[in-house]
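Keep the structure open while you read.

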Amino acid sequence: MSQASARAHSNIALIKYWGKRQTRLNLPAVGSISVTLDDLYTDTTVVFDEALPADRARIGEAEVDTARFSEFVDIVREAAGITTRVDIASTNNFPTGAGLASSASGFAALALATTRAAGLDLSARELSILARRGSGSAARSIFGGLVEMHRGERTDGQDAFAEPMLTADAWPLEVVVAITDTGTKKINSTAGMSSLDTRSDYYEAWVNRAEDDLADMRAAIAARDFTTVGALSEMSCLKLHALMLSTRPGLIYWNAATVSAMHAVREMRDNGLEAYFTIDAGPQVKALCAPGQGAAVAAELARVPGVIETRRTGLGPDAHSQ
Ligand code: 2P0
C-alpha cells in the first residue's frame, strides 16, 4: 500500500482557454493566462491498495463515478509500471462543479498525489503536462501567482504546459468571488467546448486573435499595468461568453445576479474603485482587484441582489504535497 496527499489551488483565467486542437491528449486550441487563488483549494489523498478490486473516488462525502479519474490514473499507472487500484478522497473548500474551477484544482492535486504515491518524481513542468490530461485548466493550477499556459504546437503534447509568470508576492493582486448560485452547472466545460458540430461561427476569429491577446496581457503584466490587465481580462471574458452564447445551442451560463454583478463592478470603477470582472463556465463573478482593494470591492458586491456570498482571496502558491 502506498499513499500521498496534495493540495492544489483553484485558478481563474484572465485570458481564457476555450476550444481544443486535439481531444485525445487534451491539447488546447489557444494559450491562456491565469491567477491562482489562495483561498480556494482541493485537498486530495490517494492510496494505491492491492486489496482494492476497483478504483474508488469520493469528493467530500459523495462517492463519484470513477471513469474520468481511472482514465487519468491509468496514465500514472502505466508510467510507474503498476496495475494497483486506487482510492481517491478529495475535498474542495468551495462548491464543486459550479464554475469555480474545481476541475483545475482537482486534477492538479490528483496529478501530484498519484505520482508521489506511485513513486514517481516529476518536475513541475511534467506535472503540468500530466494535469492537462485531466483538465486543461488544471495544467495552470500546478503553479502559484500569475501563470501562462502554452498552447503548444506538437502533436504529442510535450510543449502544452503552464509556466509561472510572477509569484504571488511579486504582485499581490486580490480577487473577490461573488457566488450567485451554488448548484452544479448543467453543461460542463469539456462538453461545451468539444463538439465541432455545434461550434460558434466566431470560433475561428477567437483562435486567430488569441496570440495577440496573450501578447498584450504579457506586456501589461510585465509593466504591472493594472488598468490594462483589468481591461484585457474583461474583454477576454466577454469574448468567451460571446463564443459560448453563439454555440448551437447557445450556452447561457449567466443568471440575473451575474449580470447585476457585472454592472456593479463597472459602477465601482465609475466611482473610483478599480476592479474588473471575469466569469467562467458558470454564474459566479470574480472581480480582479488591485492590491489592498479586495475588502472594499467585496463589500460592494455583497450588496448586489442575488449575490449569496462573497469570498476574498489573494493569489495562491504552487500545488504542494502534504
Ligand atoms: C479557462 N475554462 O481558461 C476556461 C474559461 C472555463 C472558461 O478552462 O475540457 O474544465 O477539462 O480541458 O479545464 C474550463 O475548462 O476543460 C476552462 P477541459 P476545463 O479557465
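Axes here are lines fitted to C-alpha atoms, for helices over the stretch in contact, and angles run from 0 to 180 degrees between N-to-C directions. The model is predicted. Two packed helices are described by the angle between their axes and the distance between the axes.

**Helices α7 and α8**
- Helix α7 spans residues 256-270, and helix α8 spans residues 294-302.
- Their axes come within 10 Å and cross at roughly 135°.
- α7 and α8 are therefore oblique to each other.
- Their crossing is right-handed.
- On the α7 side, the contact uses Ala261, Ala264 and Met268. On the α8 side, Val297, Glu300 and Leu301 meet them.
- By class, this contact of α7 with α8 holds five nonpolar residues, one charged residue and no polar ones.

**Helices α1 and α2**
- Helix α1 (residues 67-80) packs against helix α2 (residues 102-117) at an angle of about 35°. The two axes are 10 Å apart.
- α1 passes α2 in a right-handed crossing.
- Phe72, Val73 and Val76 of α1 make the contact with Phe107, Leu110, Thr114 and Thr115 of α2.
- This contact of α1 with α2 has five nonpolar and two polar residues, with no charged ones.

Methods:
Residues are numbered from 1 along each chain as its sequence is written. This is a predicted model: local features need pLDDT of at least 70, side-chain atom pairs count only at pLDDT 80 or more; totals for chains, interfaces and linings use all residues. Helices (H or I, at least four residues) and strands (E, at least two) are DSSP runs, numbered from the N terminus. Angles under 35 degrees count as roughly parallel, over 145 as roughly antiparallel, 65 to 115 as roughly perpendicular and the rest as oblique. A crossing is left-handed if the near helix is turned anticlockwise from the far one by less than a right angle, and right-handed if clockwise. Two residues are in contact if their C-beta atoms, placed from the backbone, lie within 7 Å. Ala, Val, Leu, Ile, Met, Phe, Trp, Tyr, Cys and Pro count as nonpolar, Asp, Glu, Lys and Arg as charged, and the others, Gly among them, as polar.
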